[in-house]
Amino acid sequence: MLNKFGPSGNGEAQVQYLDGDFRVVSPGTYVRCAITDVRIPLDELKYWSVDLQEAYSVPTAVLERHFPGALKGQS
C-alpha cells in the first residue's frame, strides 16, 4: 500500500512485496531493480517477486531472474 499523503522521504524506499500489492516499510521515492540496478519510482513499480522480495524494472528482467540465459540468442 502506497500512502501518497504520508511522508514520502527521499532516496531509496524499503518495501515489502505482497501478492498484487506492496507495503512501504521505510519511506523513499524509489526502489532498485534487482537485475539492472535501475531506479524505479514507486508510482511506476509494476513487477516484483513475493518469494524473492525484489523488484524488477521491466518484464525482461523478471525473465532473466527466473530463467537465466533464456533471452540470449533472440533478435
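In what order do the elements of the protein run from the N terminus on? The order is β-β-β-β-β-β-α. That gives 1 helix and 6 strands. Both kinds of element are DSSP runs numbered from the N terminus: helices are H or I with at least four residues, strands are E with at least two.

This is a predicted model, in which local features need pLDDT of at least 70 and side-chain atom pairs count only at pLDDT 80 or more, while totals for chains, interfaces and linings use all residues. Residues are numbered from 1 along each chain as its sequence is written, and side-chain values use heavy atoms, with hydrogens and water left out.

## Overall figures

The protein has 75 residues, and 21% of them count as buried. Buried means under 20% relative accessible area, exposed means over 50%, and partly exposed lies in between (1.4 Å probe, protein chains only). A contact means heavy atoms within 4.5 Å. Among contacts with a separation of 6 or more, 22% join residues 24 or more positions apart.

Strand S1 covers residues 14-18, and its side chains alternate. Val15 and Tyr17 point to one face and are buried. S1 pairs with strand S2 (residues 21-26) in the antiparallel sense, over 5 bridges. Two strands pair if DSSP finds at least two bridges between them. Gln14 has Ser26 of S2 as its bridge partner. The two strands form a hairpin with 2 residues between them. In the turn, Gly20 has a positive phi of about 80°.

## The core

Which residues make up the largest nonpolar core? It has 12: Ala13, Val15, Tyr17, Phe22, Val31, Cys33, Ile40, Leu42, Leu45, Ala55, Tyr56 and Ala61. S1 and strand S6 (54-56) each supply at least two residues of this core. Such a core is a set of buried Ala, Val, Leu, Ile, Met, Phe, Trp, Tyr and Cys residues joined through side-chain atoms within 4.5 Å. In soluble globular proteins, nonpolar side chains tend to be buried together.

Leu42 sits in the loop between strand S4 (39-41) and strand S5 (47-49). Leu42 counts as buried because its relative accessibility is 6%. From Leu42 to Arg32 the C-alpha distance is 9.9 Å, across 10 residues of sequence.

Tyr56 has contacts beyond four places in sequence that include Cys33, Ile40, Trp48, Ala61 and His66.

## Aromatic pairs

The structure holds 2 aromatic pairs. One is Phe22 with Trp48, edge-to-face, at 5.4 Å centre to centre and 80° between the planes. Phe22 lies in S2 and Trp48 in S5, so this pair ties together parts 26 residues apart in sequence. Rings of Phe, Tyr and Trp (its six-membered ring) pair if their centres lie within 6.5 Å; planes under 30 degrees apart count as stacked, over 60 as edge-to-face and the rest as tilted. Ring pairs link Tyr17, Phe22 and Trp48 into a cluster.

Glu54 is in strand S6. Its side chain makes a polar contact of 2.5 Å with that of Arg65. A polar contact is a pair of N or O atoms within 3.5 Å; within protein, one must be able to donate a hydrogen and the other to accept it, and residues adjacent in sequence count only if both atoms are side-chain atoms. Beyond four places in sequence, Glu54 touches Tyr17, Ala34, Trp48, Ser49 and Arg65.

Ser49 belongs to strand S5. The Ser49 side chain reaches the backbone nitrogen of Asp51 at 3.4 Å. Ser49 also touches Tyr17, Glu54, Tyr56 and His66, leaving aside residues up to four places away.

| Residue | Relative accessibility | Class |
|---|---|---|
| Phe22 | 7% | buried |
| Asp37 | 48% | partly exposed |
| Ser49 | 7% | buried |
| Gln53 | 36% | partly exposed |
| Glu54 | 15% | buried |

## Positive phi in loops

Most residues other than glycine have a negative phi. Asp37 is not a glycine, yet has a positive phi of about 65°. Asp37 lies in the loop between strand S3 (30-32) and S4. Gln53, also other than glycine, has a positive phi near 50°. Gln53 is in the loop between S5 and S6.
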